[in-house]
Amino acid sequence: MASQFYLVHHHFKPGMAAPWWGEMGKLDEAANEKMAENWLGKGFYNHSFMPVTQEGPMYCVWEVKDGISESDFQEFIDGCLLYTSDAADEEDSVDLGGRRI
């Protein structure tokens with residue numbers, strides 16, 4: 001699979017760190033695997049999730065299947081990270097970092 005890699009910088013909306021970690025803590029191994037399979041079926045694979053602290057920021061290394069545009073990836077990231085981005089409220093976008101790696 002030809003692909004592109006992105007380093008994505010995430011941050012929490014004010015007051016959302018604890019609820020986000022709480023929701024993530026409810027996911028068992030099977031639910032995490034199902035989520036990863038769903039993402040892979042859409043052409044996205046998260047290689048690494050790197051929180052700096054529980055309050056953020058967080059960095060992720062994502063692999064995106066060839067043929068998926070940067071705007072499609074942006075839409076995917078913005079759509080699945082409502083807890084972590086002011087973008088959901090501001091109708092803006094999560095910072096993809098402008099870095100394709």
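Colleague: Which residues does serine 3 touch, leaving out those up to four places away in sequence?

Modeller: Glu63, Val64, Lys65 and Asp66. Bear in mind that this is a predicted model. Serine 3 itself belongs to strand β1, which covers residues 3–10.

Colleague: What makes the serine 3 and glutamate 63 side chains a polar contact?

Modeller: The distance is 2.6 Å, and the cut-off for a pair of N or O atoms is 3.5 Å. So the pair is within the limit and counts as a polar contact.

Colleague: Why is serine 3 called partly exposed?

Modeller: Its relative accessible area is 26%. Buried means under 20% and exposed means over 50%, so serine 3 falls in between.

Colleague: And what does the side chain of asparagine 46 reach at 2.9 Å?

Modeller: The backbone nitrogen of serine 48. Asparagine 46 sits in strand β2, residues 44–51. Setting aside residues up to four places away in sequence, asparagine 46 touches Trp39, Cys60, Val61 and Trp62.

Colleague: Zooming out, in what order do the elements run from the N terminus?

Modeller: β-α-α-β-β-α-α, made up of four helices and three strands. Of the contacts between residues at least 6 apart in sequence, 66% join residues at least 24 apart.

Colleague: How much of the chain counts as buried?

Modeller: 31% of its 101 residues. The accessible surface comes to about 6,200 Å², with 52% belonging to carbon and sulfur atoms.

Terms used. Residues are numbered from 1 along each chain as its sequence is written. This is a predicted model: local features need pLDDT of at least 70, side-chain atom pairs count only at pLDDT 80 or more; totals for chains, interfaces and linings use all residues. Side-chain values use heavy atoms; hydrogens and water are left out. Helices (H or I, at least four residues) and strands (E, at least two) are DSSP runs, numbered from the N terminus. Buried means under 20% relative accessible area, exposed over 50%, partly exposed in between (1.4 Å probe, protein chains only). Contact means heavy atoms within 4.5 Å. Accessible areas come from the Shrake-Rupley method with a 1.4 Å probe; for residues, only the protein chains shown count as cover. A polar contact is a pair of N or O atoms within 3.5 Å; within protein, one must be able to donate a hydrogen and the other to accept it, and residues adjacent in sequence count only if both atoms are side-chain atoms.
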